[in-house]
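Thank you for sending the model for comment. My notes are set out as numbered points, so that each can be taken up separately.

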Amino acid sequence: MKEYYDVAREKMKGFCRVCPQCNGKACVGQVPGMGGLGTGSSFAANVEALARYKFNMRLIHDVTAPDTSIDFLGQKLSMPVLAAPIGGVSFNMGGGISEEEYIDSVIGGCLAAGTLGCTGDGVPEWLHSAGFSAIEKNDGKGIPFIKPWENEELDQKIEKAVKSGTKIFGMDIDAAGLVTLRQMGRPVSPKTPEALKKIIDSTSMKFILKGVMTVDEAKMAAEIGVDAIVVSNHGGRVLDFAPGAADVLASIADAVKGKVTIIADGGVRSGGDVLKLLALGADAVMIGRPVSVAAVGGLQDGVQAYLEKIRGELIQTMVLTGTASAGNVSREILA
């Protein structure tokens with residue numbers, strides 16, 4: 001990965017330093033860019049929350065070849081890891097590659113690694129168009145995320161999701177306060193349970209709601225028929241002083257596990273971090289910034305190599321904690 005990181009560091013100069021530890025300290029307040037909003041505390045909270053958890057090492061067992069595969073909303077994945085929906089190469093990542101090259105690399109690299117990539121949404125038009133196009137080119141094997149727009153724009157983008165051939169789409173409701181969209185004069189807004197139910201009932205696609213950080217909203221999401229939630233503070237890019245995803249995940253999982261698929265997102269930097277979130281109750285995990293860096297630095301090969309690295313680390317950590325299956329992870333592996 002070093003070669004890919006070196007290329008990315010040059011192409012993302014001024015937007016991302018490709019730090020040895022991606023913890024938000026060097027890019028505080030850089031939004032647009034790859035940083036966290038304001039003081040950067042919410043970005044840092046994701047990383048710090050995961051770091052507080054330690055593993056119980058166990059080696060008196062027969063787990064030598066753990067199964068990292070999962071069933072995700074009816075699709076078999078090689079690992080419980082998806083690429084988070086991130087876009088805006090020109091204003092967030094330095095423009096070293098085009099939006100089309102970037103999202104094609106994310107979707108293609110994820111598929112090559114046996115999993116799924118998500119696409120972002122936003123302004124200008126070509127940003128989300130590139131995502132829909134990449135999914136369509138790959139026979140619908142990708143997950144488009146649509147921002148919480150108003151009325152006609154929302155309806156039009158749901159129609160585009162259907163046309164792409166995907167079986168799953170999402171809404172990153174945690175983008176409701178995104179600074180970059182306000183600066184472009186395209187505001188987004190929170191949604192009522194009734195508005196979300198209307199979206200769910202309007203299509204046969206599976207629906208993921210991203211940006212659930214409290215037990216009460218997780219319960220509401222399950223009650224109205226959301227297929228999956230993403231426990232996420234939007235990478236610390238929308239609300240300063242939010243808790244890290246790992247800090248709230250266990251309580252959310254205790255409330256809705258089995259009623260809705262739970263995805264966790266924020267601060268994941270290793271296969272060990274993936275296993276920590278699974279132990280806290282997630283069914284799958286999203287990784288954002290590191291996948292973007294891999295795409296800018298190595299295109300599809302970079303994304304595939306990065307995901308295979310994560311899977312290798314996940315396998316090692318599963319062996320060292322006696323975890324046989326990624327679909328059945330005990331909270332007892334955490335110290």
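1. Basis of the comments. This is a predicted model, in which local features need pLDDT of at least 70 and side-chain atom pairs count only at pLDDT 80 or more, while totals for chains, interfaces and linings use all residues. Residues are numbered from 1 along each chain as its sequence is written, and side-chain values use heavy atoms, with hydrogens and water left out.

2. Helix 4 against helix 12. Helix 4 (residues 99–112) packs on helix 12 (residues 289–321) at an angle of about 15°, and their axes are 7 Å apart; helices here are DSSP runs of H or I with at least four residues, strands are E runs of at least two, and both are numbered from the N terminus. Axes are lines fitted to C-alpha atoms, for helices over the stretch in contact, and angles run from 0 to 180 degrees between N-to-C directions. Helix 4 and helix 12 are therefore roughly parallel to each other, given that angles under 35 degrees count as roughly parallel, over 145 as roughly antiparallel, 65 to 115 as roughly perpendicular and the rest as oblique. The crossing of helix 4 and helix 12 is left-handed, a term used if the near helix is turned anticlockwise from the far one by less than a right angle, with right-handed used if clockwise.

3. Residues of that contact. On the side of helix 4 the contact includes E101, Y102, D104, S105 and V106, and on the side of helix 12 it includes A295, V296, L299, Q300 and V303, where contact means heavy atoms within 4.5 Å. The residues of the contact of helix 4 with helix 12 divide into 10 nonpolar, 6 polar and 2 charged. In this division Ala, Val, Leu, Ile, Met, Phe, Trp, Tyr, Cys and Pro count as nonpolar, Asp, Glu, Lys and Arg as charged, and the others, Gly among them, as polar.

4. S105 within helix 4. S105 lies in helix 4 and, at 5% relative accessibility, counts as buried, which means under 20% relative accessible area, whereas exposed means over 50% and partly exposed lies in between (1.4 Å probe, protein chains only). Not counting residues up to four places away in sequence, S105 touches A295, L299, Q300 and V303. S105 and V293 are 188 residues apart in sequence, yet their C-alpha atoms are 11 Å apart in space.

5. The nonpolar core. The largest nonpolar core has 103 residues, and those with the most contacts inside it are F72, Y102, I208, I229 and L277; such a core is a set of buried Ala, Val, Leu, Ile, Met, Phe, Trp, Tyr and Cys residues joined through side-chain atoms within 4.5 Å. Helix 12 gives the most to this core, with 11 residues. Leaving aside neighbours within four places in sequence, Y102 is in contact with residues including I86, V89, M93, A295 and V296.

6. Helix 11 against helix 12. Helix 11 (residues 271–279) packs on helix 12 at an angle of about 60°, with axes 7 Å apart, and the two helices are therefore oblique to each other. Helix 11 passes helix 12 in a right-handed crossing. G271, G272, V274 and L275 in helix 11 meet I310, E313, L314, T317, M318 and T321 in helix 12, and these contact residues divide into 5 nonpolar, 4 polar and 1 charged.

7. G131 lies in helix 5 (residues 125–137) and counts as buried at 2% relative accessibility; its contacts, leaving aside neighbours within four places in sequence, are I103 and T119. S164 belongs to helix 6 (residues 151–164) and counts as buried at 3% relative accessibility, with F132, I135, E136 and G140 as its contacts once neighbours within four places are set aside.

8. Backbone points to check. Which residues are joined by a cis peptide bond with omega of about 0°? They are V31 and P32, and P32 is in the loop between helix 1 (2–11) and helix 2 (41–51). The peptide bond from V123 to P124 is also cis, with omega near 5°. D139, although not a glycine, has a positive phi of about 60°; D139 is in the loop between helix 5 and strand 5 (143–146) and counts as exposed at 65% relative accessibility. L299, also not a glycine, has a positive phi near 50°, lies in helix 12 and is partly exposed, with a relative accessible area of 35%.
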